[in-house]
Amino acid sequence: MAKYDVVVAGGGHNGLVAAAYLARAGRRVLVLERLDRAGGLAISARAFPGVDVRLSRYSYLVSLLPTRIVQDLGLGLELRRRRYASYTPKDGTGLLVDNEDEARTAESFRRVTGGEADHKAWRDFYAMVARTARALAPTLLRPLPTRADVERLVGPEAWRDLFARPVGQAVDERFGDDTVRGVVLTDALIGTFADPAADLAANRCFLYHVIGDGTGEWNVPVGGMGAVSGAIEAAARRAGAEIRTGAEIVGIAPSGEVTFRTGDGDGDGDGEHTVTGGHVLVNLPPAVLDRVLGRPADVPEGAQLKVNMVLSRLPRLRDASVDPRAAFSGTFHINEGRDQLAAAHAQAARGEIPHVPPAEVYCHSLTDPSILGPELRGRAETMTLFGLHMPARLFRADPEGAREAALRATFASLDRVLAEPIEDCLLRAPDGTPCVEVRTPVDLENEAGLPGGHIFHRDLSWPYTEEGRGWGVETEHERILLCGAGARRGGGVSGIPGHNAAMAVLTA
């Protein structure tokens, strides 16, 4: 039986980060990945036959990946800042947040809200959020702080509004306009099925969407998300980590034995194999870890609709004062007012596909045209849609029928805020089919192995504990550590749990 210092179960980007740090420290490391390539869901793919576009298929933007990890591992990444943070259509006009023109942003607030109050509240609120991000971000790569430590770090205002009470209450008090409230609250609902007026799960989601690398900015990875995982994989291989793909984990023992299956059993070397690690770092959802440990698993519930598209042109807007290239290069909010979000949540909680699904889109290729093949540059654009309040329960009974119904409702929702139907703008593949791909939580469960289709592996946790011990990666078994999104301070494309699991091994 082959022996390693560390066996990493799962070759997604977090597992690769852990492998790179450990191999650089001289440890003998084996990474086992079920799929035929590493990278997990942080990949690029040509989703439509005959269409030369590399879509970031499952994860889209980068915020949480710390500069320190990029520098430590020598990752040759280019992350481009988006000039426009967001655009939100409203009654023939729209709220444009321009990162480089404060006066234009202020005028947009006046046009949408009818006054100055909400723009001032916006500046004050996000100044507080920025202070919180600067205070919290460095702690994510250190042993866990205590709750009291974090409360002291962020101060009483941020603690009250971002940690201690539902963030929806703070937003309702600070802002008067329904549209502005909704723009703020969407960060509390990405991949999270919660009522921000009552559920602190929304607060945890909000924090993870605004504290990334101390700035909270969501940047575009040049070359697509595959460039991110590819750079991390290259760093792990350079350091000497062994990466084996096509190896499905079927058993993990507390003693450090890992059993994996290769091939279909018919070829030489196919079948089950067992290796031993001094430590086993698990880059699998906790529900999958439970299964391979042979114990009952609690399956979480994801709550999103992902739609990838290639367009022949950008759609026209009802607001003629805004260039579509500006509106779609940032986050374009679709029917995400505070009341619209609440109505959609209530309908989904009753088991209904929301009548007017809230969603948001952005066009990667406007910031990074390198993902388009040479013949398509200037002739096509990508569009990625993320739909909120689409929990897995809506798709269990009839996955295909519910998927089609959710797409129809979502396209109708998008059409309500455009000057023309989105379907008129879709590029068609050589076989005549429109370039649109839909993934529900049930699809992610079946295709990507995410229980419940939960993109964070399970509900996000606070970045601290009461006692503040450890790295947030420990399990009840001393030799088994979490290194994926399901660890404390996991979620998103960050590498943070991979780093922290590696540090837990190296400092043991």
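Predicted model: local features only at pLDDT ≥ 70, side-chain atom pairs only at ≥ 80, totals over all residues.
Mentor: Residues are numbered from 1 along each chain as its sequence is written, and side-chain values use heavy atoms, with hydrogens and water left out.

Trainee: Why is V6 called buried?

Mentor: Buried means under 20% relative accessible area, exposed over 50% and partly exposed in between, with a 1.4 Å probe and protein chains only. V6 has 1% relative accessibility, so V6 counts as buried.

Trainee: Where is V6 found, and which residues does V6 touch?

Mentor: V6 is found in strand 1 (residues 2-9); strands (E, at least two residues) and helices (H or I, at least four) are DSSP runs, numbered from the N terminus. Not counting residues up to four places away in sequence, V6 touches L22, R28, V29, L30, H279, L281 and V505, where contact means heavy atoms within 4.5 Å.

Trainee: What makes a set of residues a nonpolar core?

Mentor: Such a core is a set of buried Ala, Val, Leu, Ile, Met, Phe, Trp, Tyr and Cys residues joined through side-chain atoms within 4.5 Å. The largest one here has 111 residues, of which V29, L162, F163, I249, I252 and L281 touch the most other members. Helix 1 (residues 13-24) provides the largest share of this core, eight residues. Apart from it lies another core, of 38 residues, including V307, L385, F411 and L418.

Trainee: Which residues does F163 touch?

Mentor: Leaving out residues up to four places away in sequence, F163 touches T132, L136, V150, V154, A158, L200, N203, L207, W462 and Y464.

Trainee: What makes a space a cavity and not a pocket?

Mentor: On a 1 Å grid over the protein atoms alone, a cavity is a set of points where a 1.4 Å probe fits but cannot get out, whereas a pocket is an open set with protein on both sides within 12 Å along at least five of seven lines; lining residues have an atom within 4 Å of a point. The structure holds two cavities of 30 Å³ or more. The largest cavity has a volume of about 50 Å³, and its lining is G191, T192, A201, R204, H454, D459 and L460.

Trainee: How does the lining of the largest cavity divide by class?

Mentor: Ala, Val, Leu, Ile, Met, Phe, Trp, Tyr, Cys and Pro count as nonpolar, Asp, Glu, Lys and Arg as charged, and the others, Gly among them, as polar. That lining therefore divides into two nonpolar, three polar and two charged residues.

Trainee: What lines the second largest cavity?

Mentor: L55, S56, Y60, Y362, H364, I371, T382 and T384 line the second largest cavity, whose volume is about 40 Å³. Its lining has four nonpolar, four polar and no charged residues.

Trainee: What lines the second largest pocket?

Mentor: About 300 Å³ of space lies in the second largest pocket. Of its 18 lining residues, the closest to its centre are P89, K90, D91, N335 and V417. Strand 6 gives the most to this lining, with four residues.

Trainee: How many residues of domain 1 are in contact with domain 2?

Mentor: Six residues of domain 1 are in contact with eight residues of domain 2. The C-alpha centres of domain 1 and domain 2 lie 32 Å apart, and the domain bounds come from an automatic or database domain assignment.

How values were computed:
Points joined across faces, edges and corners; volume = space filled by probe spheres on them.
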